[in-house]
Amino acid sequence: MRTQPRALLVALTLVGLAGGTAVAADSTDPIKLTLHDWTGQLITTRLMGETLKAAGNNIEYVQADYLAQFPGLESGDLHVAMEIWQTTGKEAMDASLATGKTVDLGETGMEAKEEWWYPAYMAEKCPGLPNWEALKDPACAEAFATAETSPDGRYLGGPVTWGGFDEERVEALDLPFQVVHAGTDAALFAELESAYQRKAPFIGWIYTPHWAPIKYEGAWVEFPEYEDACYTDPSWGINPDATHDCGKPHGWIKKVGWAGGEEKWPAAYAAIRSFKLDNRTMGELIAKVDLEGAKVEDAVAGWMKEHEATWKAWIGG
C-alpha cells in the first residue's frame, strides 16, 4: 500500500465540490470498480464512480465476471462490486466474506427478484400457471417448445456467467424443459420483445429492478419457496435426492469491497455504504438506455444533474 504524505492527505480533505462542500478524497491511487454484463449494474457502478470522482477520487472501471470476480476482490486487484444479488450471488459472497479479505458494504436499497417469467398470453396455453407444477404437463411444455427443443419446452436463461442453477432446478423438479442461455443481457430482452410482438412461445429469466416486467404483462412462475437448505441439503424439499428443488431467493442487492480499502479509502467506502436507490429509479434509468437508446454515461450524467442533493448526501455533502 502506498502511503500518502501527510500534507497531501490534509490537502485532499479540502477538495471541494461545485457547491463548496469539503470532502475527503483519501489515497490518490485508483479505486477499481467492477463492471458486469447487464445495464442496471453498469448504471449503478457509474453512478457511484462519478460521484466519487466529484469528491476528488481517482476511479477506474474494470470489466469483470460477476461470480469469478471474488478472488480479485480478495487480493485487492479489484476493489468494489456495486451489485451482488441475493438471488444469484449470495453463496459466492458469503464464501468470500468468510475469508476476511472482503467486506460487506451494505444494501443498495433495491430489492431483487429474478425468476422464470412468462407473458400473459401464454397462461391460456398452460392452465395451472403460475404454479410450477403446471410446467410438468407435457402439453404445457410443448406450448413453450421450439423446433430445437420439441417436445421439451425451452427456457431462455441469462448468460452463463450469472449462475442461477436453472439446469439443476430443471433436473431436481423433473421438468420437461431444456435450458438455453442468452449470450448477453441485451439478447435476452431482445428475444422477449420479439416474442411478445409475435405472441410467440416464451418463458425466460426476467428480473427486477428492470423495465421489462413493467412494460410487458406477464407473471413469474411460483416455485417452492427458497430456503438455504434447498441449495445444500438433498433431503430438504420435494426431491429427497437432489438440491435446488425450489425457487430462487428474493431479496437484497448488496455492495462488496476489498477489505484493505477500508484503510486506504475510508471516506470513499463510507460514501459507498451510503449509496441508496430504489427499484423504480433504477427501472427508469435502465429504460433510458435499453428503450430510448441513451448511452449509460449520458443517463448517469442526466440523473446526477437532476438529483444533485441525493448523490452529494452519499459523500457527506
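D94 is partly exposed, with a relative accessible area of 34% (partly exposed lies between buried, under 20% relative accessible area, and exposed, over 50%, for a 1.4 Å probe and protein chains only). The model is predicted, so to speak of local features requires pLDDT of at least 70 and side-chain atom pairs count only at pLDDT 80 or more, while totals for chains, interfaces and linings use all residues. Residues are numbered from 1 along each chain as its sequence is written, and side-chain values use heavy atoms, with hydrogens and water left out.

The side chain of D94 meets that of K90 in a salt bridge, at 2.9 Å from N to O (a side-chain nitrogen of Lys or Arg within 4 Å of a carboxyl oxygen of Asp or Glu). Both residues belong to helix α4 (residues 86-97), where 4 residues, about one turn of the helix, separate them; helices (H or I, at least four residues) and strands (E, at least two) are DSSP runs numbered from the N terminus.

Two further pairs link separate elements. K254 and D104 form a salt bridge of 2.8 Å, N to O. Because K254 sits in strand β11 (residues 251-258) and D104 in strand β6 (residues 102-119), this pair ties together parts 150 residues apart in sequence. K254 counts as buried at 15% relative accessibility, whereas D104, at 28%, is partly exposed.

In the other pair, the closest N and O atoms of R169 and E115 are 2.5 Å apart. R169 lies in helix α6 (residues 166-172) and E115 in strand β6, so parts 54 residues apart in sequence are tied together. Both R169 and E115 are buried. Elsewhere, shared partners join K90, D94 and D228 into one network of salt bridges. The count comes to 12 salt bridges.
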